[in-house]
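Hi,

Here is the structure I promised to pass on to you. Have a look at it first, and then read on for what turned up.

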Amino acid sequence: MSTATLPARVDIVDARKSFGTLEVLKGVNLTVKPGEVTVIVGPSGSGKSTLLRAINHLEALSAGYIAVDGEPVGYRLRGGKLHERREKDILATRTGIGFVFQNFNLFPHLTVLENVVEAPLVAQRRNRQEVTAKALELLDRVGLADKAGVYPRQLSGGQQQRVAIARALALEPRIVLFDEPTSALDPELVGEVLDVVRDLASTGTTLVVVTHEMGFARDVADTVVFMDQGRVVESGPPAQLFGNPREERTRTSLSKVI
Ligand code: ADP
Ligand code: MG
């Protein structure tokens, strides 16, 4: 797949988020370099989804900021201060960020092809013919060229997730975020989805993947980030995190899940 769009860089600076009195992000600092694959691992409840959702402003941070290509998501820098951006502008930024959810979130009443073309037609107001051609190319790429006319319920979980990936790519995103893309799947379907993500990684799009699949993290990540209790405990290349972690907490936690 040609990636005409440049991969994005993400800077997460002292990101904090509270739900009521519960502080779930306690000052996260992280840089995602353009074209790199960052895999976030960590126990359930450690704030991984909240962090991912904050990158495209599905969650607003309580403090700190996240910038995509130097532009704070959800805010505008004016006179040295951050100002809340208009919903319309936030939506425009969000269309450059692909998001793949654990439960696929396909539109059940639309066919596979209609699912893939919906956002480019509606949110990006692109030309139907061009968008359809691109969608068919993407479906072919994820191995579902023959499923364009069927409905999501007629597909396996793995196939549905591959449609969801094609749908995210149809927006020609500069970055794609994956929140546990395989954890709702039967074990025998995990591989086919990870293969698609792996393939995507090789095209140089910036990817941030939350997953419990440690083999995938080890093989595909440029950087592995281990989160626990709202903080980044340690981040670095897979060889460091899995082979020679600096922190005791990384060692005990990652040796448990492998
Ligand atoms: P993870 O993805 O690592 O499992 P989450 O980011 O989903 O962690 O959640 C971190 C913590 O924040 C959990 O304790 C969760 O219950 C809480 N949480 C997440 N979303 C909300 C919300 N909308 N309202 C209240 N608490 C939330
Ligand atoms: Mg989660």
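**Helix contacts, the sheet and the ligand**

In α3, V112, N115 and V116 meet V163, A166 and R167 of α5. Sorted by class, that contact has four nonpolar residues, one polar and one charged. Please keep in mind that this is a predicted model. The axes of α3 and α5 come within 8 Å and cross at roughly 30°, which means that α3 is roughly parallel to α5. Their crossing is right-handed.

Helix α3 (residues 112-122) also has a contact with helix α4 (residues 128-141), where the axes come within 9 Å and cross at roughly 130°. So α3 is oblique to α4. Here, too, you will find a right-handed crossing, with α3 passing α4. On the α3 side the residues are V112, L113, V116, V117, P120 and L121, and they meet R128, V131, T132, A135, L138 and L139 in α4. Ten of the residues in this contact are nonpolar, one is polar and one is charged.

Helix α5 (residues 157-169) in turn packs with helix α6 (residues 187-201): their axes come within 8 Å and cross at roughly 15°. The angle makes α5 roughly parallel to α6, and α5 passes α6 in a right-handed crossing. From α5, the residues G157, G158, Q161, R162 and I165 take part, meeting L189, E192, V193 and V196 of α6. This contact divides into four nonpolar, three polar and two charged residues.

On to the sheet. What is the order of its strands? The sheet is open, has six strands and runs β8-β9-β10-β3-β11-β12, with mixed pairing. At the edges are β8 (97-100) and β12 (231-236), each of which pairs on one side only. From one strand to the next, the twist averages 15°. Strand β9 (residues 175-179) pairs with β8 in the parallel sense over four bridges, and there G98 stands opposite V176 of β9.

Two helices to look at against this sheet are α1 and α6. Helix α1 packs on the sheet and touches β3 (37-41), β8, β9, β10 (206-210) and β11 (223-228), with its direction at about 155° to that of β10. Helix α6 packs on the sheet as well, touching β3, β9 and β10, and its direction makes about 150° with that of β10.

There is also a hairpin for you to view. Strand β1 (residues 10-19) pairs with β2 in the antiparallel sense over eight bridges, and K17 stands opposite L25 in β2. Two residues lie between the strands of this hairpin, and G20 takes a positive phi near 60°.

Finally, the ligand. Which residues surround ligand 1? They are F19, L22, V24, G42, S44, G45, S46, G47, K48, S49 and T50. The elements that give two or more residues to this shell are β2 (22-32) and α1 (48-55). Helix α1 supplies the largest share, three residues. By class, the shell holds three nonpolar, seven polar and one charged residues.

Happy browsing, and do write back with any questions.

Best wishes

How values were computed. Residues are numbered from 1 along each chain as its sequence is written. Chains are lettered from A and ligands numbered from 1 in the order in which they are written. This is a predicted model: local features need pLDDT of at least 70, side-chain atom pairs count only at pLDDT 80 or more; totals for chains, interfaces and linings use all residues. Axes are lines fitted to C-alpha atoms, for helices over the stretch in contact, and angles run from 0 to 180 degrees between N-to-C directions. Angles under 35 degrees count as roughly parallel, over 145 as roughly antiparallel, 65 to 115 as roughly perpendicular and the rest as oblique. A crossing is left-handed if the near helix is turned anticlockwise from the far one by less than a right angle, and right-handed if clockwise. Two residues are in contact if their C-beta atoms, placed from the backbone, lie within 7 Å. Ala, Val, Leu, Ile, Met, Phe, Trp, Tyr, Cys and Pro count as nonpolar, Asp, Glu, Lys and Arg as charged, and the others, Gly among them, as polar. A residue is near a molecule or strand if its C-beta atom, placed from the backbone, lies within 6 Å of it. Two strands pair if DSSP finds at least two bridges between them.
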